[in-house]
Amino acid sequence: MTRLLVLCMLDIKPMSGYDIQQALRMTDAERWGGVLIGSIYHALKKLEKDGYIMIDRVEQTGHRQKFTYRITEKGKEHLQELIRDALTNPSISYPSSLYAGISFFDKLPVEEARQALEQQQIHLEKEYTSVQMGWEEKREATEGAIPPMVQLVFDHMFATIRQQQDFVEKALAYLQSDDSSFSL
């Protein structure tokens, strides 16, 4: 995913590692793309070594050199491969730790399990709010004209969070029912 995002950024225009980091930080790529922002420089070195990008220019900034990279033709071909792979590979993610916790909740006192699920609700609400803020920032940046495919991504993120919120609410309802001693 890091390679894909770096190459996409460089396909737009030549950029430095710092510029790429800032752009990815602004789009919250760590959250939705699972990209560690600190891994950008490692990816740049590897992409350059593989011939997918090259140094466009070098600037002297104080005691440091600032490298600006650009994508090569080989990099554009590799980018298309990465996009094809991203579109064809299934990427279903299950909240496995939550599933495990719910499956064995009966090993905890009911009140403790309820409190833990209420904490989960708080985390999910914060996540929803964070994605909402990202959507609003994107809307402002595009003057209300969010590209349809980007809107589709946001819609899916919202639906995923709402679905998990619904799941946690149902689990809490089971805990609050008269028969909370059952196993899932």
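Helix α8 contributes 15 residues to the lining of the largest pocket, the largest share of that lining; helices here, like strands, are DSSP runs numbered from the N terminus (H or I over at least four residues for helices, E over at least two for strands). The structure is a predicted model, in which local features need pLDDT of at least 70 and side-chain atom pairs count only at pLDDT 80 or more, while totals for chains, interfaces and linings use all residues. Residues are numbered from 1 along each chain as its sequence is written, and side-chain values use heavy atoms, with hydrogens and water left out.

**Pockets**

A pocket is an open set of points on a 1 Å grid over the protein atoms alone, where a 1.4 Å probe fits and protein lies on both sides within 12 Å along at least five of seven lines; lining residues have an atom within 4 Å of a point. The volume is the space filled by probe spheres set on the points.

The largest pocket holds about 2400 Å³ of space. Its lining consists of 49 residues, of which W32, G33, V153, H156 and M157 are the closest to its centre. At least two lining residues come from each of α1 (2-12), α2 (17-26), α3 (29-33), α5 (73-88), α7 (110-141) and α8 (148-176). By class, this lining has 28 nonpolar, twelve polar and nine charged residues, where Ala, Val, Leu, Ile, Met, Phe, Trp, Tyr, Cys and Pro count as nonpolar, Asp, Glu, Lys and Arg as charged, and the others, Gly among them, as polar.

The second largest pocket has a volume of about 310 Å³, and among its 13 lining residues Y41, R64, Q65, K66 and F67 lie nearest the centre. Here α2, α4 (40-49), β2 (53-61) and β3 (64-71) each supply at least two residues, with β3 giving the largest share, five residues. The lining divides into five nonpolar, four polar and four charged residues.

**Salt bridges**

A salt bridge is counted when a side-chain nitrogen of Lys or Arg lies within 4 Å of a carboxyl oxygen of Asp or Glu, and by this rule there are nine.

| Pair | Distance |
|---|---|
| K76 and D11 | 3.8 Å |
| R70 and D56 | 3.4 Å |
| E111 and R114 | 2.0 Å |

R70 in strand β3 and D56 in strand β2 are 14 residues apart, and their pair links distant parts of the chain. R70 is partly exposed at 33%, and D56 is likewise partly exposed at 33%. E111 and R114, by contrast, both lie in helix α7, three residues apart, about one turn of the helix, and E111 is partly exposed at 40%. Salt bridges with shared partners also join D56, R57, E59 and R70 into one network.

**Nonpolar surface patch**

I92, Y94, Y99 and F167 form a nonpolar patch on the surface with about 440 Å² of accessible area together; such a patch joins nonpolar side chains (Val, Leu, Ile, Met, Phe, Trp, Tyr) within 5 Å, from residues with over 30% relative accessible area and no salt bridge. Accessible areas come from the Shrake-Rupley method with a 1.4 Å probe. Y94 lies in the loop between α5 and α6 (96-103) and is exposed, with a relative accessible area of 58%.

How values were computed: Patches are made of residues with over 30% relative accessible area and no salt bridge: like charges are joined within 9 Å, nonpolar side chains (Val, Leu, Ile, Met, Phe, Trp, Tyr) within 5 Å. Buried means under 20% relative accessible area, exposed over 50%, partly exposed in between (1.4 Å probe, protein chains only).
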